[in-house]
Amino acid sequence: MKIYLMNPEGWKLYEGTLEELGPELAKRNISISTKASVGDGARVGAGAIVGAWAIVGAWAIVGAGARIGTRSSVGAGASVGAGGIVGDGARVKSSYGIIVMGPLGSSQAMLTAYPHKDTIWIGTGRFLGPIVAFELEVQVAHGDNEHGKAYAAVLDFVRAHFKAEREGR
């Protein structure tokens, strides 16, 4: 495996097996499952988690604190921002296929949005699931207050973004 890890002077390339890279990963609180695959040249930020059977493509970027779920994939050259969440079984084929925004809401969490099967999934520090379920939770928690209005605007943007992607714009 050839993987870039952040150092005080910037990104540095490390080569070796997952076992050999273990001490460098541990210094940065990075967890990569022994059943995961990380492509050559990928960059993995501090505190990131790559789940079992997950695939991170060559030259992909997994930001600090990001979570890549079990059996999910981040395509070659794609990027998942700091704090981003790719849920179990989800696929990010390109950087256009994922949105990470924030901090948002009363908890000041990062919000991740991505297409999953026939819908859009939303991940935050407290939630991971379909966009309609997230909307309901926001409505119950915030109603029409400033956080509710901010989330409504973000979800409108998310829907428009992925509609344009589906239509090839």
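Reader: Let me start with K27: is its side chain buried or exposed?

Author: K27 counts as exposed, at 63% relative accessibility. The general idea is a scale: buried means under 20% relative accessible area, exposed means over 50%, and partly exposed lies in between, using a 1.4 Å probe and protein chains only. Before we go on, note that this is a predicted model, where local features need pLDDT of at least 70 and side-chain atom pairs count only at pLDDT 80 or more, while totals for chains, interfaces and linings use all residues. Residues are numbered from 1 along each chain as its sequence is written, and side-chain values use heavy atoms, leaving out hydrogens and water.

Reader: Thanks! Which residue forms a salt bridge with K27?

Author: In general, side chains of opposite charge can pair when their charged atoms come close. A salt bridge here is a side-chain nitrogen of Lys or Arg within 4 Å of a carboxyl oxygen of Asp or Glu. The partner of K27 is E24, with the closest N and O atoms 3.2 Å apart. Both residues lie in helix 1 (residues 18-27), three residues apart, about one turn of the helix. Helices (H or I, at least four residues) and strands (E, at least two) are DSSP runs, numbered from the N terminus.

Reader: Is E24 buried or exposed?

Author: E24 counts as buried because its relative accessibility is 19%. E24 also forms a salt bridge with R28, where the closest N and O atoms are 2.8 Å apart. R28 is buried as well, at 12%. Together, E24, K27 and R28 are linked in a network of salt bridges.

Reader: How many salt bridges does the structure hold?

Author: There are three. One of them joins E135 to R159, with the closest N and O atoms 2.9 Å apart. E135 sits in helix 2 (residues 131-142) and R159 in helix 3 (residues 146-166), so this pair ties together parts that are 24 residues apart in sequence. E135 is partly exposed at 32%, and R159 is partly exposed at 29%.

Reader: Now the strands, please. What is the order of strands in the open sheet?

Author: Two strands pair if DSSP finds at least two bridges between them. This open sheet of four strands has the order 3-6-9-12, with parallel pairing. Strand 3 (31-32) and strand 12 (85-86) stand at the edges with a single partner strand each, so one side of each is left without a neighbour in the sheet. Strand 6 (residues 49-50) and strand 9 (residues 67-68) are joined by two bridges, and I49 has R67 as its bridge partner.

Reader: Which strands pair in the antiparallel sense over five bridges?

Author: Those are strand 15 (residues 109-116) and strand 16 (residues 119-123). P115 of this pairing stands opposite I120. Their hairpin has two residues between the strands, and K117 takes a positive phi near 55° there. A further hairpin, through four residues, joins strand 16 to strand 17.

Reader: Last one: which residues touch the most other members of the largest nonpolar core?

Author: In soluble globular proteins, nonpolar side chains tend to be buried together. A nonpolar core is a set of buried Ala, Val, Leu, Ile, Met, Phe, Trp, Tyr and Cys residues joined through side-chain atoms within 4.5 Å. Here the largest has 28 residues, and I3, I32, I68 and V86 touch the most other members. Helix 1 gives the largest share of this core, three residues.
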